[in-house]
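Here is a short report on a protein model. Look over the sequence and the 3D view first, then read on.

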Amino acid sequence: MTVTKTQAPVSVDDGRRPAGDGPVGPARSERLTALVQQHGALAVLVIVSLVATFSFDSFATGDNVSNMATSSAFLAIVALGMTFVIITGGIDLSVGSLFALGGVLAAWGSRHGTLVALLLPLVVCGAIGVVNGLLVARSRLAPFIVTLAAMLGARGLMLAITDEGADTYLIGKGSFLAELGQGSTLGLGNPVWIMLALFVAGAVVLRRTRFGQHVYAVGGNEDAAALMGAPVARTKILVYTLSGVLAGLAGALNAAWLASGVTILGNGMELEAISAVVIGGTLLTGGLGHVSGSLVGVLLLKVIQNVINQIGSLDSSYQQVVSGAFLAVVVVAQTWLGRRRQLL
Amino acid sequence: MAPPAEVLAVRGLSKSFPGVRALDDVDLTLHPGEVHALIGENGAGKSTLIKLLTGVYRPDAGDIVFQGDKVSFATPLEAQKAGISTIYQEVNLIPLLSVARNLFLGREPRNRFGLLDSARMNREAEQALGAYGVRVDVRRPLRALGVGAQQMVALARAVASEARIVIMDEPTSSLEPREVETLFSVIRRLRDEGIAVVYVSHRLDELYAVCDTVTVLRDGRRVHHGRLADLDRLSLVSTMLGRELGEVRREGLTKFTGGHHATDSRPVLEARGLTVPHTLHEVSVSIRPGEVVGLGGLLGSGRTETAKAVSGALPTSSGSITVAGIPLRGGSTPAAIRAGISLLPEDRKSEGIVPGLSVRENISLAVLPRLSRFGLVSEARVDSIVDTFVERLRIKASSPRQKVGELSGGNQQKVLLARWLAMNPKVLLLDEPTRGIDVGAKAEVQKLVDELAADGLGVLLISSDLEELIEGSDRVVVLKDGAVVGELTGDEVTEDKLMRTIAGHSPDGDAVEEAATDG
């Protein structure tokens, strides 16, 4: 092979070239596509909210908004953990069961003091998350199966504690725990403030810490991440642990809000959380996503539910039909945008 | 060169895998500032040796002494932290992460709160890459870059981590000549800074251009080591292959016979005015039966796209394709396959082989619909086809039931070739058929291309290896920025003429320089 003799500086690439043997595509439309993929859900949320405000007098009232915010908070906390898991390319089906288990443990523990009531669900659900993580990372089992097993196991454990759901533990009025769930600050319920604080922390962790970089790297290309020295196994164990802890916390706060550990909650919540994360622009295949999108996704699901409730004539079962259809549209749009970004 | 102390001393390294002695009692010594060529055919033990040095595998026997201390790395991370960096053949970075974050993954600059300092990261990334002539927006995802630029990011990453030894495993397999020059200047700078480089490549010119010393491995043993200048090319090849010098000399470095297969008959493939927006402009190529037509040009000139457009994998906005005189509807791969066009894609990992399936299943994959009746496949007919091609293409597998993922790169490529030949094509499009496979297998694939053309197939050959393109092609169509800029026939098919055509129309030297600098 002959190499061209030249003293001129060599420039490798202008950065506008796609991977592969092909000429240039415009970078601006790529940015636009990225923008739509990341913030499309937000635009839809704004539009749906505006339409609802003008259509229903009772939508934009303080009470309704505050209720929506509080009921969103629990799902949002679960979706926060799920975002981390999905960005690593995994999935956590156990969060619905952990949510119920967390609630029951908090209510049961409240008889032994606030500290026990708060710590018990976090420790137990976190431990189940650690087991999930170990099985996924060290034993290299599929996250789907591992967390499905945990989902069944955790629900079983919850039923055992409550004598097949016959015992319902109550949280005493006026306790710190009840105040945490039921009280409000500056017009918004305490669970909403806790959720917002967790999202801020989550965003900082994901974007501004090494752990966050590893989460993206593991999901983007696991083999490359390992060769680049990222602690792949540790990162996976941590995200499943985080997901477990957050699901337990969400359950505990929810129990505090309801003043009791309700055993029938959390069914299908894992799927709702996954929907919210995906609607928010996180790729199910991993490597791309952000926590703010997941929050928008949760709000969007809750607003749609609320709107359907406002239309009195519609059976509330239609909530799920609409949510399902919406999710399908989003996934199709995401896939299309994703392909477009790769082609450009 | 009289360096003070060796930076790496490997003594009696051995490693076995079930059924194979991959590395057998190998020694290797590296001094600071030494550029060491590590060569051998695939399966000779190069990869095993590199993986032992970088902590991917642990040796069965032998010592690795790094900077005076006996070491045993448990993970690539440990090796990297100690000062042994590796650049792999395929770019091993995170495509969706930004360029800067890829460059700094694991050693990101942090502010006083312990959080990542993105501004500083982006600034330093820009500077670091600028030193390698890569000027890109470092905030964009890595995959937006060309393969060559990605490889430079990998290089910058390896070098920036204060390495004492940089191992480069076929770093140039996806680089264009001018990028190779940049790589060489980086290697020379590393050498001047006293960093040892282990350079693995199948391209002999590159070895002689940058390497001081050489270790030749064959069948897991070290068969030669010393100064590279003391070993001429033919001796190097014969040492590596274990063949007699006379045989190598007689047969030449490539296996092409010189190519006189072109006949006067009508073209078997006639592509006219193929246009793909932003990609191809009015590209026309015609191939006669028995002819090998080369596609020349740099990365991004539209070679792969031309092959894809012809095979229906890339929809065209205008242009026509006829196969043996019959017009073909564009943009449909099944139609192209039915018409007799087969494409051997550039990236055999992602677009070709199914590693988990057997040799037999991989070969019969495309032809299955033709071998079946009422949806049921005739096993006997599959067996006969598979046996025919395993024999004809000299595929080395323990049995047709062996998984393709376990074969060497050269044999994987032959399995792919067999898959398409089983379809009885009239036109074969070969996109980088010998990339990343060892010298011996390369020669075999080249010989096969010759034989296939002699059998009357029309062949379109794309290769970044100029020697291969020149010696293998009867004619070379030269592309630049998605358009045909020239065609070389007969005696014009030379490296010099090709370089000039790629560089610009005018034959003077200025045009060459311009072309080398316009990014």
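## Two packed helices in chain A

Helix 2 (residues 62-87) of chain A packs against helix 7 (residues 190-208) of chain A at an angle of about 30°. Their axes are 8 Å apart. Angles under 35 degrees count as roughly parallel, so helix 2 of chain A is roughly parallel to helix 7 of chain A. The crossing of helix 2 of chain A with helix 7 of chain A is left-handed. This is a predicted model.

Which residues of helix 2 of chain A meet helix 7 of chain A? They are Ala69(A), Thr70(A), Ala73(A), Phe74(A), Ala76(A), Ile77(A) and Leu80(A). On the side of helix 7 of chain A, they meet Pro191(A), Val192(A), Met195(A), Leu198(A), Phe199(A) and Gly202(A). Eleven residues of this contact between helix 2 and helix 7 of chain A are nonpolar, two are polar and none is charged.

## Chain A as a whole

Chain A has 13 helices and two strands. Of its 344 residues, 48% are buried. Now take the contacts in chain A with a separation of 6 or more: residues 24 or more positions apart account for 77% of them.

Helix 16 of chain B covers residues 409-421. At 1.5 Å a residue, its 13 residues should span 18 Å. The C-alpha atoms at its ends are 18 Å apart, which agrees.

Is helix 16 of chain B largely enclosed or largely open? Twelve of its 13 residues are buried, so helix 16 of chain B is largely enclosed by the rest of the structure. The buried residues of helix 16 of chain B include Leu416(B), Leu417(B), Ala418(B) and Trp420(B). Lys414(B) and Arg419(B) are also among them.

## Two positive phi angles in chain B

Most residues other than glycine have a negative phi. Asp219(B) is not a glycine, yet has a positive phi of about 50°. Asp219(B) sits in the loop between strand 9 (213-218) and strand 10 (221-227) of chain B. It has 16 C-beta neighbours inside 10 Å, so Asp219(B) counts as partly exposed.

Glu432(B) also has a positive phi of about 50°, and is not a glycine. Where does Glu432(B) lie? Glu432(B) is in the loop between strand 19 (427-431) and helix 17 (439-454) of chain B. Glu432(B) has 24 C-beta neighbours inside 10 Å. A residue is buried if 20 or more lie within that distance, so Glu432(B) counts as buried.

Terms used:
Residues numbered from 1 in each chain as written. Chains lettered and ligands numbered in written order. Predicted model: local features only at pLDDT ≥ 70, side-chain atom pairs only at ≥ 80, totals over all residues. Helix = DSSP H or I, 4+ residues; strand = E, 2+ residues; numbered from the N terminus. Expected span 1.5 Å × (residues − 1). Contact = placed C-beta atoms within 7 Å. Axes fitted to C-alpha atoms, helices over the stretch in contact; angles between N-to-C directions. Parallel < 35°, antiparallel > 145°, perpendicular 65-115°, else oblique. Left-handed = near helix turned anticlockwise from the far one by under 90°. Nonpolar A, V, L, I, M, F, W, Y, C, P; charged D, E, K, R; others polar.
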